[in-house]
Structure formats: structure tokens, C-alpha cells
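The following exercises are to be worked through with the sequence and the coordinates at hand. Each task is followed by a solution in steps.

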Amino acid sequence: MEAFLSNIDKVVDGFSWTVRLTLFSALFSFLLGILLTAMRVSPVPLLRGVSTAYVETIRNTPLTLVLLFCGLGLNSALGLSLAGSVAWDVFWWAVVGLSAYTSCFVSESLRSGINTIPLGQVEAARSLGLTFTQNLRLIVIPQALRTVVGPLGSVLIALLKNTTVASVAGLGVQEASREMKLMFDQGIAPVLPTFVGFAIGFLILTLPLGYFFGWLSKRVAVAR
Amino acid sequence: MTATPLVVLENVDKHFGELHVLRDINLSVNAGEVVVVIGPSGSGKSTLCRTINRLETIDTGRILLDGQPLPAEGRGLAKLRSDVGMVFQSFNLFAHKTVLQNITLGPIKVLGQSKAEANARGMELLERVRIAEQADKYPAQLSGGQQQRVAIARALAMNPKVILFDEPTSALDPEMVQEVLDVMTDLAREGMTMVVVTHEMGFARRAANRVVFMADGQIIEENTPDEFFTNPSSERARDFLSKILTH
Ligand SMILES: Nc1ncnc2c1ncn2[C@@H]1O[C@H](COP(=O)(O)OP(=O)(O)OP(=O)(O)O)[C@@H](O)[C@H]1O
Ligand SMILES: [Mg+2]
């Protein structure tokens, strides 16, 4: 354990990348998820079709493949670059892959939230003269979000754990599990304590998140 | 009073798939008039109401508001809807907004009123439906009768030309029906143009200028309330009245 603790700065650095990956991916997944949902419920068949096709395809593709596609396909093979330095280039490609993947789950959660909103409220808003987008923005999404705070928390936790795939799936992004593997490879610390240490690190991040979202979902629940 | 038709339906037909829900409907409602629509379940009363603010489209025929055909979509449609108020059986208040916010949402977002202006007018309307003390509560904290009065205030806040009521009291406990009918009766007296689907005969007799009886998607009979309830001219209406009068 001492050997592990003496390398704690490496551990902390690894987790700091995990957190960064999670934060950026969460932000983009959330925005893209809202867009996909808006398309999915829009009156325009083409938009509905595109959204459905996207969600159904990506959601049913293993994350590893999505990330490999971003890393090996778009980044390496096609030479598309998102940043000057290699470290940031792969970082942003990982964010792209994780967001593309996670947004589907955000969208599915939101859609289930939308389905809980009584149609009558939507009609009432329409009968006041609100446009489709005003209706979504002012009536539907705010209420849908409140009902899906819990599920969105689970999506976020899954995203945080999924960041570990980004280092193995061709991208070699820096994050906690990669740091762990490096520590094994270099033999700086005994395997078992290192495992336990990293597992605890993930728990330190995920458990409070779970509790926070549980608390929040009670807090914002809409009484009906 | 010179009769200016505010709402006109001309030869309106509508199907839901195979089902012919509105058959050649001709109806005209004058400004300031209160028309009660009555008829058996499934006769098309709700559908009739909903076509007037285009929550339902029609197959053939024309609907005019203030002499203008209903716009099909876009800004024009939104404007039309803000001119035609609607009060639903199930209140349909916005559950995540307070009572006052429910009322001010339309004026602020659709009519472009300032928040202060909309709040002032909102409170005025809440006074009018006798519920001002509940302004900061959420809909779920109110009784059904209170919610429905809020819904009426929400419709009034848009300064509509006409308000459609679709069975506004049928989801209410009996002791709350009167408080809602009282508010509606006041509105009728003040000259609001109203189309009201209801089986409340007391209200029809007190407030309506005309009763329209529907069955199977058709208007079977139109008459003054007194004449309709005491001496209906059609067999269908007699039959229907005997059923609702006996329970
Ligand atoms: N969206 C819809 N799709 C298909 N059929 C519908 C739809 N809305 C109503 N209907 C049918 O159209 C007919 C007329 O319905 P409508 O709701 O207008 O009747 P109503 O006179 O208001 O009845 P009630 O007194 O029960 O409210 C009914 O047979 C109903 O089942
Ligand atoms: Mg009905």
C-alpha cells in the first residue's frame, strides 16, 4: 500500500483526466441529447427519421467500436485533427466518441420523460398560441428533465466509467485506468493494492454522484 | 344588438379514419353570445370545439373567425389560437409553474407583455375568479374547482375573442361544480363570447342564448334553452333529455 500511496500524484493525475473527459463528454452528450430528442418529437418526419436512425444505430454499437472509429478511423486513417498536441487530439476525439455514444442514452431518457407529460398540457400550451419550439422549451423539456434526473444521473455515472474504454480502444487517452495499467507495467507498485486504490478512486467519484442525483430528483420532482 | 357572427362553421366535415365524426356542421356564433353544446357521448362535441382553434383539422368546409378563414399553420395559427381561449375538462394546468406563472406565460411569451404588466393583469384575473390568495401555489396543491378557475383565468389573460369550454365541470367533485359555473355565468353576463360543451342544465338556462344539440356528428336541433329543455322538437333530443333528467 505504501508503494501505491507514494505514487499518489500519478493516481490523482489519472483521475483528473477521467474527470475532464467526463465533464466535456457530459456537456456535449447533454446538448446533443436534447437536440436528438427535439428532432425525435418534431412534426417533421425527416428529422424524426434521422434522429431515430442515429439513436438506434449508435446505441446498439459497442462503445469500443465507436471509439475505435473515432480514433483509428477519423483521427488516424483520415488524419482529421482536433488539436495541435497529440495528447489533446486524442482527448478531443475521445470526447467526440463518448458524446456521440452517450447522447443516445440521454435522448432515450429524455424521451421517456416526455412520455410522462400529459398531452393535455401540450395542447393547453398550443391553445395559448405557443409555437412548437416554445412548447418544447417552456413546457415539455423542463418537466421532462425533472422526471429524468435520476436516470440521467445513471447515464452520467455510466459515462464516467466508460471513459476507461477510451484508453484501450485505440485512442490511448490519458485517464485513471490507463494510469493504473502503466503503474502495473512499470512495476512501481504491487498489483493488489493498486487495484483496490483505483477502485476506491472510482467509488469516490461515483458514489457522491449517485447520492446527489437521488437527492436532486426528489428535490425537483413536479407534483401532479 | 347587431348580430356580427364571430365564429362561423360552414359545411364542416371530419373523419377519424372510417369514423365520420362531424357531418356537414353549420354553426354561427355571434359576438357576445353564449352557445351551449349538448349531446350524447361520442357525438362529436369535443371534436367540434377542437376544430375551432384548430387542435383538430377538418376535411372539408370552412371555419371563419371574425370573418377570416382559420390559418393553416405558422404565426397566423399561433395568433388565431391566442384569440380563441380553451378550457379543458382536465384543467391541463402546467404542473411545474405556479398559479400566477400559468396565467402570465401566454401574455409574456405570445403577446409580448412585460412581466410586470402580465403579473398585474394576472392578479386582477385571479381576483376575478376569486382565487388570488393561491397565486404562488402549484396546481397540484389546489382542488379541482380551484384549478379549473385558474384555467379560466389563464384563458382570459390572452384577451380572447371567444372561449371554448369542453365539459369544464365534468371532472369535478359535485361540491366544486357550482364555483366554476358561477365564474362562467359572470363571464357570460359580462358579454364574453362562449361555446360551452356541458350537461349542466342550470347553467344553460341561466346563461346560454342558445342550445345546440348534437348526435352522431350532426347538429340535430338548435333552440333557446327554455324551448329546448321543455319542448325539444326532435325525437333524439327528447330521448337524450329523458336519460339525463332521470339520474
Ligand atoms: N383522436 C381521435 N382519433 C380517433 N377517434 C377519435 C379521436 N378523438 C375522438 N375520436 C372519436 O370521435 C368520436 C367523437 O368524439 P368526441 O370526443 O368529439 O365526442 P364527444 O361528443 O366529446 O363525447 P364525450 O361526451 O364522451 O366527451 C368518438 O367516437 C371518439 O371515439
Ligand atoms: Mg368530449
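**Exercise 1. Determine which elements of chain B each supply at least two residues of the shell around ligand 1.**

Solution. The largest share of the shell, three residues, is that of H1(B). A residue belongs to the surroundings if one of its heavy atoms lies within 4 Å of the ligand. Among the residues found there are B:Phe16, B:Leu19, B:Val21, B:Lys45, B:Ser46, B:Thr47 and B:Glu167.

Two remarks on conventions apply throughout. The model is predicted, local features need pLDDT of at least 70, side-chain atom pairs count only at pLDDT 80 or more, and totals for chains, interfaces and linings use all residues. Residues are numbered from 1 along each chain as its sequence is written, chains are lettered from A and ligands numbered from 1 in the order in which they are written, and side-chain values use heavy atoms, with hydrogens and water left out.

**Exercise 2. Identify polar contacts (pairs of N or O atoms within 3.5 Å) of ligand 1, and state how much of the ligand the protein buries.**

Solution. Begin with the side chains: a polar atom of B:Thr47 lies 2.5 Å from an oxygen atom of ligand 1, and one of B:Ser41 lies 2.6 Å from a ligand oxygen. Then turn to the backbone, where an N or O atom of B:Gly44 is 2.9 Å from an oxygen atom of the ligand. Finally, of the 640 Å² that ligand 1 exposes when taken alone, the protein buries 59%; accessible areas come from the Shrake-Rupley method with a 1.4 Å probe.

**Exercise 3. Describe the make-up of chain A.**

Solution. Chain A holds 11 helices and zero strands. Of its 224 residues, 46% are buried. Among contacts with a separation of 6 or more, 74% join residues 24 or more positions apart.

How values were computed: Helix = DSSP H or I, 4+ residues; strand = E, 2+ residues; numbered from the N terminus. Buried < 20%, exposed > 50% of the residue type's maximum accessible area, 1.4 Å probe, protein only. Contact = heavy atoms within 4.5 Å. Polar contact = N/O pair within 3.5 Å; in protein donor to acceptor, adjacent residues only side chain to side chain.
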